[in-house]
Amino acid sequence: MPIEFSRRTFLVGGTLVPAVSLFGSVDDKAAAPWYRKTFLWGQTNINEADPPHYDLDFWRSYWKKTGVEGIIVNAGGIVAYYPSANPLHHRARFLGDRDLFGDVLKAARADGLVVLARMDCNRAHEDFYQAHPDWFAQTVNGQTVRAADLYVTCIQSPYYDEYIPELLREIAGRYHPEGFADNSWSGLERDTICHCPYCRKKFQAASGQDLPSRPDWDDPVYRDWIQWNYTRRTEVWDLYNRVAREAGGKDCLWIGMLADNPAYEARRFRDLKAICSRSQMVLLDHQGRNASEGFENNTDAGKRLHGLLGWEKLMPESMAMYTRNPSFRKAANAPAEAKLWMLEGVAGGIQTWWHHVGAVQEDRRQFDLAAELTRWAGANRKFLTNRQPVASIGLVWSQANADFYGRDQAEVLTTLPYRGFVRALVGARLPYIPVHADHIEREAPQLSLLILPWLGAMSDAQVESVRKFAQKGGSLLVSGETGMCDEWGKARTNWPLAEMLGVDTSDGPKREAGKRTGANHSYLRLLPDMESGGRHEVLNGFEKTNILAFGGSLVAVKARGDASVVATYIPDFPVYPPETSWMREPRTDRPCMVARRLPQGGRALYLAADVDRAYASWGLPDHAQFLANGIRWAAGRTLPLRVAGPGVLDCNLYAQDSALILHIVNLTISIAWPGAARDVVQVGPLTVEVRRQAGSSLSKCRSLVTSKPLVVSVDGDWAKVELPSLAYHDVLVFE
Ligand SMILES: [Zn+2]
């Protein structure tokens, strides 16, 4: 087992690598199906006004300039861009007699490109509604659900079972695209409970119960309804793939768009694990960032979903060449913004897919954003696919946690703590992999530390896999209410992780969920006082303070005798007026962080104070250091990478055969306002050290960005290079 990140450990992890590389690199397998070798993607998302103005010559030259190998072309669904035989298939308003889909497809074929027919199957026009009123979603009061002037279809109705398959067959039979991409395929979101005749009948048949009239997470019928909705989306995924294969051949795939954020997908009933496990390729639609989701979020997305899909498969992501956050579909994205988002995707194993909305653009700057990067990625594809992440830290997540623990506050309860740890890990340049809670045992051999951020809802099997990990010498960093509820979000009477973590709850686990209303004026007290010395190493760097700002919430626990309390809680006191701003209760015995050495050799750190959530919310540097210190202490001497030098750098390490590949993306940006990165500040020199794998010398290193070799000095287990400077990014290949 792993535990020490030794040569032997690496050998265990290393055995995975040859198995993966049997697939070969993307460019040397001519016989491979399109979905294993189409690396560079693009999409002009056309609108109803576009057909008369679509300039095929321009777009062909742009395909060439950006080196794309596959494109997504609007075909049908809400709007048809070809002359469909189905009278209900609404023809684009300005299509006339033109077969725009057919014309673009023909040109793409002539240029050697793969074509996915884009569908958008979730709503329809008035005439369609009049023809089949019962196919549309209805509220509990019998009102038809509308979106602007369109009518929203119900995913349980024949619109999905009969009508859309008919269109897929028509398009596959007539045009033979390689596959289909569907935009809003997953129907109504969770906040409306459809009461159409199909929902009533099918839910009754599936569960023996009437539909719930309103959301109630404590009601088993509502939870059944949630599960029933998930099952239906996965069923639609399977149905459309079956239809696509029947009509388009064995390699014809139907792929619905997915996002990475489990809380976002939970609201849409898209089961990331179930879908990735049955798919040859997924398409990501995940184009923006906000205050809690920096550029690093895109790397995390790639790593997280590759963990479900497999690292030998491709995962193109739609990347906006227009302004996001907020969306301005026609205005060019800031160059640094577009480039960093793409580079962070590439660092997570994502393939680029430029995305323009509309065939006609007046802001021509958007056509200068992708080409340099896509051509670079295309030339270096061998190193950007078919590799395994190298990390000794696993960050655990599950979508069920977003549903059944997060419930209606999943972003706050589950997403923020996860994002807080991601930012702390990236800031400290600590390579990690996201690990699905069902895959802990699968990933355990390469890991020395599991971080479980507010994984409130855990099944017994998931708890057991954490226990096993610790019993084999692994370390744990656990925050908040992790494990306090079962997989349905029901509070457990006993907290199964308590003893391992060296803590106890006086009268059973206490749920803190829902009590957060923003920052309060609380603090952490670091123990012992600075004058006394002898502090725990998780407090390194805080030698000149007894307190740290906190502002979050606390799970009430007591420390057991064999654990050390590293920090305690100072309750909220007034901020204003200043005369009143004094600590009413400067010392309490309420633990915020508890450390323990496990009998099997690992370490356990329990974070009762939600510093992870606080860091994602406010970005205080002290919180970053507090989290990073905790991670470093718990991870022990097992880290595979050391990078020294200035800057905010996202470092991701991969193994490919006997080589190591290191991505460094420079996130030292001049304006940190989300959506507005203006420029990247060049940093350097950097000292980069990678731990050598058993059987690999790593005596050579070259940059895939400058194409220059770097001088390697080998010192024991470490291979070291100096990187004189770093602009946007570099990819170093050690062999
Ligand atoms: Zn319905």
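User: Which residue's side chain does Arg190 meet in a salt bridge?
Analyst: Arg190 meets Asp408, at 3.9 Å from N to O. A salt bridge here is a side-chain nitrogen of Lys or Arg within 4 Å of a carboxyl oxygen of Asp or Glu. Note that this is a predicted model, where local features need pLDDT of at least 70, side-chain atom pairs count only at pLDDT 80 or more, and totals for chains, interfaces and linings use all residues. Residues are numbered from 1 along each chain as its sequence is written, and side-chain values use heavy atoms, leaving out hydrogens and water.

User: Where do Arg190 and Asp408 lie?
Analyst: Arg190 is in the loop between strand 7 (179-182) and helix 8 (197-207), and Asp408 is in the loop between helix 16 (399-405) and helix 17, so the pair ties together parts that are 218 residues apart in sequence. Helices (H or I, at least four residues) and strands (E, at least two) are DSSP runs, numbered from the N terminus.

User: Is Arg190 buried or exposed?
Analyst: Arg190 is buried, at 8% relative accessible area. Asp408 is exposed, at 56%. Buried means under 20% relative accessible area, exposed over 50%, and partly exposed in between (1.4 Å probe, protein chains only).

User: How many salt bridges does the count come to?
Analyst: The count comes to 37. One of them joins Arg613 and Asp610, at 2.7 Å from N to O. Arg613 is buried at 3%, and Asp610 is buried at 2%.

User: Which residues are linked in a network of salt bridges?
Analyst: Asp260, Glu293, Asp300, Arg304 and Arg419 are linked that way.

User: New topic, helices. At what angle do helix 17 and helix 21 cross?
Analyst: Helix 17 (residues 410-427) and helix 21 (residues 611-618) cross at roughly 80°, and their axes come within 7 Å. That makes helix 17 roughly perpendicular to helix 21. Axes are lines fitted to C-alpha atoms, for helices over the stretch in contact, and angles run from 0 to 180 degrees between N-to-C directions. Angles under 35 degrees count as roughly parallel, over 145 as roughly antiparallel, 65 to 115 as roughly perpendicular, and the rest as oblique.

User: Which residues make the contact?
Analyst: Helix 17 brings residues including Leu416, Arg419 and Phe421, and helix 21 brings residues including Arg613 and Tyr615. Contact means heavy atoms within 4.5 Å. By class, this contact has eight nonpolar, two polar and four charged residues. Ala, Val, Leu, Ile, Met, Phe, Trp, Tyr, Cys and Pro count as nonpolar, Asp, Glu, Lys and Arg as charged, and the others, Gly among them, as polar.

User: And how far apart are the axes of helix 4 and helix 14?
Analyst: The axes of helix 4 (residues 56-66) and helix 14 (residues 371-379) are 8 Å apart, at an angle of about 55°. That makes helix 4 oblique to helix 14. Their contact has one nonpolar, two polar and three charged residues.

User: Now the sheet. What is the strand order?
Analyst: The open sheet of six strands runs 14-27-28-34-30-31, with antiparallel pairing. Two strands pair if DSSP finds at least two bridges between them. Strand 14 (388-389) and strand 31 (709-710) are the edges, each pairing on one side only.

User: How many bridges join strand 27 to strand 28?
Analyst: Eight bridges join strand 27 (residues 649-656) to strand 28 (residues 659-666). Leu653 stands opposite Leu662 in strand 28.

User: Which strands does helix 13 lie across?
Analyst: Helix 13 (residues 335-347) lies across strand 27, strand 28 and strand 34 (729-734). Helix 13 runs at about 160° to strand 28.
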